[in-house]
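User: I would like to learn how to read salt bridges and helix packing in a model. Please take me through a case.

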Amino acid sequence: MDKLKPKMKRKGLMNNDGIWNAVTKVICEHDFPSEEETIYESFIVFHYFAELESGGHEMFLTWFSDHIKKAGIRKYRIDLAGVLEKIGADDYAEIVKKHLDPLWHLYLALETDESIEHEFYKLIEKADNDYHQLNGRLAQLLEAHLVKIHTDLIEVLEN
């Protein structure tokens, strides 16, 4: 990965906001799935957080259906729950373990059977409520994690 690391000056990485912005830019510029474990893990957990905050589980499934299809739902669930646990977001990992597979299967089934729409949205509401009951702790855990690993993703230049 070192050969591919973008170079950034330390003055742009002096606080958590600067590091967050730099790391999320690096994450978003990579193709999915990445062969680099740190990029891959950061990509899936950051995008999970971003989509859940902006539009809930429905938006997450909509925007990341291609990524989930590439990885396969089982691998994607295991990987996402694993990285959530790795950063200390165990409660969020439990939501993923509990809801992601059934949501995914209903999401795919909606393409051919609109009669399950009520069931899909009922589960979306339950999953979103479970997520929001945790009062945004994921933002803090994710920020701390990205700050901790930023030098794995960025070569920091002193000048």
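User: How far apart in helix α3 are Lys75 and Asp79?
Analyst: Lys75 and Asp79 are four residues apart in helix α3, so about one helical turn separates them. Helices here are DSSP runs of H or I with at least four residues, numbered from the N terminus. This is a predicted model, in which local features need pLDDT of at least 70 and side-chain atom pairs count only at pLDDT 80 or more, while totals for chains, interfaces and linings use all residues. Residues are numbered from 1 along each chain as its sequence is written, and side-chain values use heavy atoms, with hydrogens and water left out.

User: What do the side chains of Lys75 and Asp79 form?
Analyst: A salt bridge is a side-chain nitrogen of Lys or Arg within 4 Å of a carboxyl oxygen of Asp or Glu. Lys75 and Asp79 meet in one, at 2.6 Å from N to O.

User: Are Lys75 and Asp79 buried or exposed?
Analyst: Relative accessible area decides: buried is under 20%, exposed is over 50%, and partly exposed is in between (1.4 Å probe, protein chains only). Lys75 has 44% and counts as partly exposed. Asp79 has 19% and is buried.

User: How many salt bridges does a search of the whole structure find?
Analyst: The search finds seven. One of them joins Glu41 to Lys86, with the closest N and O atoms 2.7 Å apart. Glu41 lies in helix α2 (residues 37-71) and Lys86 in helix α3 (residues 73-86), so this pair ties together parts 45 residues apart in sequence. Glu41 is buried at 15% relative accessibility. Lys86, at 52%, counts as exposed.

User: Which residues does Glu41 touch, not counting residues up to four places away in sequence?
Analyst: Contact means heavy atoms within 4.5 Å. With those sequence neighbours left out, Glu41 touches Val83 and Lys86.

User: Which residues are linked in a network of salt bridges?
Analyst: Glu85, Glu94 and Lys97 are linked in such a network. Take the pair Lys97 and Glu85: their side chains meet at 2.6 Å, N to O. Lys97 lies in helix α4 and Glu85 in helix α3, so the pair ties together parts 12 residues apart in sequence. Lys97 counts as partly exposed at 38% relative accessibility. Glu85 is partly exposed too, at 33%.

User: Now helix packing. What describes two packed helices?
Analyst: The angle between their axes and the distance between the axes. Axes are lines fitted to C-alpha atoms, for helices over the stretch in contact, and angles run from 0 to 180 degrees between N-to-C directions. Take α4 (residues 90-109) and α5 (residues 117-132): they pack at about 165°, with their axes 10 Å apart.

User: How are α4 and α5 oriented to each other: roughly parallel or roughly antiparallel?
Analyst: Under 35 degrees is roughly parallel, over 145 roughly antiparallel, 65 to 115 roughly perpendicular, and the rest oblique. α4 and α5 are therefore roughly antiparallel.

User: Which residues meet where α4 packs on α5?
Analyst: From α4 come Tyr92, Ile95, Lys98, His99, Pro102, Leu103, Leu106 and Tyr107. They meet Glu119, Phe120, Leu123, Ile124, Lys126, Ala127, Asp130 and Tyr131 in α5. The residues of this contact divide into 11 nonpolar, one polar and four charged. Ala, Val, Leu, Ile, Met, Phe, Trp, Tyr, Cys and Pro count as nonpolar, Asp, Glu, Lys and Arg as charged, and the others, Gly among them, as polar.

How values were computed: Helix = DSSP H or I, 4+ residues; strand = E, 2+ residues; numbered from the N terminus.
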